[in-house]
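Student: I am new to this structure and would like to go through it slowly. Could we begin with a single residue and then widen the view?

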Amino acid sequence: MKQVSGSRYQAQHLFFLKINAGQAALSLVLVISGIVLISGIALLFLINSFTSATLGFRSANRALAIASSGAEDALLRIVRDVRFPGPVALCGGNPPVSTTDPPYPLYEVPVGNDVARVRVENGVCGGTSQAVITAEATVGNYKRKIEVIAAIDLGTGRVDVVSWKQVVF
């Protein structure tokens with residue numbers, strides 16, 4: 001067996017260590033880059049999910065506020081004219097039949113860039129009348145509907161809200 005001088009052996013040994021050290025560093029960089037990339041993608045999906053949820057919540061609340069505005073507009077119109085929206089149904093009877101308009105016409109109330117669609121059904125029983133107001137609004141994919149029942153004293157013109165509720169579709 002041939003003896004190798006110490007300095008030559010050390011030089012060869014250091015050369016192989018340098019090559020192996022580079023391979024280990026490359027593997028380490030690739031692993032760390034993969035972890036950072038996966039973490040970044042997961043964070044991106046989380047941010048997108050939170051943003052969508054917040055936007056949906058805001059849109060649903062906006063639709064509810066717009067529908068409420070439509071119901072309030074109908075109440076104001078009833079206070080100004082207790083026979084709004086026109087001919088009223090008699091107690092226990094059907095609404096009057098019209099050849100041109102539906103018995104209880106639908107009207108729109110603009111609220112900003114959106115609209116509330118409102119229908120007022122007014123019926124008379126004795127000296128009192130009961131109005132059923134249905135208002136709905138849509139913002140994006142979110143739709144909200146409000147139903148208000150108001151009692152109207154035809155003698156004094158007093159309007160009392162009996163019920164105010166959000167209707168589930």
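Student: Is Val-109 buried or exposed?

Tutor: In this predicted model local features need pLDDT of at least 70, side-chain atom pairs count only at pLDDT 80 or more, and totals for chains, interfaces and linings use all residues. Residues are numbered from 1 along each chain as its sequence is written, and side-chain values use heavy atoms, with hydrogens and water left out. Val-109 has a relative accessible area of 11%, and since buried means under 20%, exposed over 50% and partly exposed in between, judged with a 1.4 Å probe and protein chains only, Val-109 is buried.

Student: In which strand does Val-109 lie, and which residues does Val-109 touch, not counting residues up to four places away in sequence?

Tutor: Strands (E, at least two residues) and helices (H or I, at least four) are DSSP runs numbered from the N terminus, and Val-109 has its place in strand β1, residues 106–111. With contact meaning heavy atoms within 4.5 Å, the residues touched by Val-109 beyond that sequence limit are Gly-70, Asp-73, Asp-114, Val-115, Ala-116 and Val-118.

Student: How is Ile-47 placed, and is Ile-47 buried or partly exposed?

Tutor: Ile-47 sits in helix α1, which covers residues 6–80. Its relative accessible area is 48%, and therefore Ile-47 is partly exposed.

Student: Which residue is the bridge partner of Ile-149 in β5?

Tutor: Two strands pair if DSSP finds at least two bridges between them, and strand β4 (residues 142–153) pairs with strand β5 (residues 159–167) in the antiparallel sense over eight bridges. The two strands form a hairpin with five residues between them, where Gly-157 in the turn has a positive phi of about 85 degrees. In β5, the partner of Ile-149 is Ser-163.

Student: In what order do the elements of the protein run from the N terminus on?

Tutor: The secondary structure comes to one helix and five strands. From the N terminus on, the order is α-β-β-β-β-β.

Student: What average pLDDT does the protein have, and over which residues is the pLDDT below 50?

Tutor: The pLDDT is the predictor's confidence in each residue, from 0 to 100, and the protein averages 81, with 73% of the residues scoring at least 70. One stretch has a pLDDT below 50 and makes four contacts in the model beyond near neighbours in sequence, namely residues 96–101.
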